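Dear colleague,

Please find the structure below for your records. My notes on what was found in it follow directly after.

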Amino acid sequence: MDVVTDWNGALAATLRRAYHYSQQGFAERLGVSPRAVAKWDACPTMQPEPETQQILDVHLWQAPDHVKARFTYLLQQQATQPPPQPAQPTPPPQERTDDDMNRRDMLRLFTIAGAVIATPQASNALDLDRIANRAHRPDLETVTQYETLNAHLWQVFMLASSKRKVYPLVQDHLATLVDALQRSTTETTHKRLCALAGDLFQLAGEIHFDGNAYTDAAHCYTLAASASREAGAYDLWACAMTRHAFIGVYERDYAKAAPMLDLAAQLAQRGDSGLSTRHWVSAVHAETLAGLGDLDGCQRALDAAEQVRGLTGPVHNGGWLRFDGGRLHEERGTCYVTLRRPDLAEQALTDALTHQLTTRRRGGVLVDLASLGIQRGDHDQLLDYGKAAVELARRTGSGVIGQKLRGLQRQFADLPRDGRITALNQDIDELAMAS
């Protein structure tokens, strides 16, 4: 058994027993707290965090055959026992808003997608409904058109000043792909459609991430990883896990990001050596090590990322994989700011501003330069770059820039009273309220 749609406490405990791990040993293997493992054992319906579900997926996928066989046996044993049915209190009626309806539609799409992605396709299966709808199944030409539309949507996303405006187009196409997965009749078509779903769920996650909707982004990346795994697309799978890990990096929860990046690196090694996937994983890993205060490890990871410049030919596809080393200046700068090494960060960040940057990337560099002003006690630098970043966030509505500004704002507490800094603080508060 290689696929689990939704991990819960019972399934996680079953995998632990199949490996014959103690709670402590299982926690160390997954990179979670022993308390979390104990909760899974005690509460069969409890769902682990989305990033932990991905780690469980990979450990099941990598498990030896005898562990998979025992896992399947234990599941069959569980299936013979009726699950407990606790009484659920009736929630009070709530007024539905358009946002509520849109979110329910999105969650319904996530649920259906998770089910159909994990459903094996057999070309010789006798399915009367499928046979009846054979004329409507997706053919190769249609799937090729879907691939073209995926690529186009990534280009629209890159060019859009407001990323959230692209989401309705992405959601509509995701619904089309999920419907096509339900109607596909061959394993080949199923895998191609799973790869397209893994591609587009990453784009949906990017849009949610830009809007600071990190829970929704995590759901998207989880589904992207599941679809990529089903397609056997290791680079696509590694990128989905890297994006998911980056949520932890962005929220400064570096310990949560590290195990996901280790697994992403393993997957990337099984992918196309001509692509830059493993180098991108190294770049994000460098930020994680910087957050953990490991300067030497950070430097090694950045050097590994720099090796992307030695690749020849098309090293990325401009969609779910865009890493070509062009943003290494700003990534080095971010790492050195996190490590509080302004002597190393200044040159990297000013070099980054001389390159052609997307709006979101430029905003990140501006915030990092403002943060350097705090580290150096240069309030003029803080204000000049901080105000420029605020203006950029106002113009674009980018939640990513807004989130970085809130990180900057947290550093104001130890600064001396200054009316100009107070005004900048109020501007950031207004941005947060508007988002």
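In the lining counts given here, Ala, Val, Leu, Ile, Met, Phe, Trp, Tyr, Cys and Pro count as nonpolar, Asp, Glu, Lys and Arg as charged, and the others, Gly among them, as polar. This is a predicted model, in which local features need pLDDT of at least 70 and side-chain atom pairs count only at pLDDT 80 or more, while totals for chains, interfaces and linings use all residues. Residues are numbered from 1 along each chain as its sequence is written, and side-chain values use heavy atoms, with hydrogens and water left out.

Overall composition

The protein holds 21 helices and 0 strands (DSSP runs numbered from the N terminus, H or I of at least four residues for helices and E of at least two for strands). Of its 435 residues, 50% count as buried (under 20% relative accessible area, with exposed meaning over 50% and partly exposed in between, for a 1.4 Å probe and protein chains only). Among contacts between residues at least 6 apart in sequence, 69% join residues at least 24 apart; contact means heavy atoms within 4.5 Å.

Cavity and pocket

Both terms rest on a 1 Å grid over the protein atoms alone: a cavity is a set of points where a 1.4 Å probe fits but cannot get out, a pocket is an open set with protein on both sides within 12 Å along at least five of seven lines, and lining residues have an atom within 4 Å of a point. Grid points are joined across faces, edges and corners, and a volume is the space filled by probe spheres set on the points.

The structure holds 1 cavity of 30 Å³ or more, and the volume of the largest cavity is about 30 Å³. Its lining consists of Ser162, Lys163, Arg164, Ile207, Asp210, Gly211, Thr396 and Gly397, which divide into 1 nonpolar, 4 polar and 3 charged residues.

The largest pocket contains about 1100 Å³ of space. It is lined by 46 residues, and Phe246, Tyr250, Glu287, Thr334 and Lys404 lie nearest its centre. By class, this lining comprises 22 nonpolar, 9 polar and 15 charged residues. Helices that each supply at least two lining residues include H8 (140-159), H12 (234-250), H14 (277-291) and H20 (399-409). The largest share, 8 residues, comes from H18.

H10 is mostly covered, with 19 of its 24 residues buried. Its end C-alpha atoms are 35 Å apart, which agrees with the 34 Å that 24 residues should span at 1.5 Å a residue (the expected span is 1.5 Å times one less than the number of residues).

H17 (residues 342-353) has 12 residues and reaches 16 Å from its first C-alpha to its last, close to the 16 Å expected. Its buried residues are Pro342, Ala345, Ala348, Leu349 and Ala352. Seen down the helix axis, they fall within an arc of 135 degrees, so they line one face of H17; the arc is that of the directions from the helix axis to the C-beta atoms. These buried residues pack against H16 and H18.

Backbone in two loops

Asparagine 212 lies in the loop between H10 and H11, and its phi is near 65 degrees, a positive value in a residue other than glycine. Arginine 252, in the loop between H12 and helix H13 (254-269), likewise has a positive phi of about 65 degrees although it is not a glycine. Most residues other than glycine have a negative phi.

In the contacts below, residues up to four places away in sequence are not counted.

- Tyrosine 221, in helix H11 (residues 214-231), is buried, with a relative accessible area of 1%. It touches Gln54, Gln202, Gly205, Glu206, Phe209, Ala240, Arg243, His244 and Ile247. Tyrosine 221 and glutamate 51 are 170 residues apart in sequence and 8.8 Å apart in space, C-alpha to C-alpha.
- Threonine 242, in helix H12, counts as buried at 1% relative accessibility. It touches Leu261, Ala264, Trp280, Val281 and Val284.
- Tryptophan 40, in helix H3 (residues 34-42), counts as buried at 3% relative accessibility. Its contacts include Gly9, Ala10, Phe26, Leu30 and Pro48. The C-alpha atoms of tryptophan 40 and alanine 10, 30 residues apart along the chain, are separated by 6.7 Å.

With kind regards
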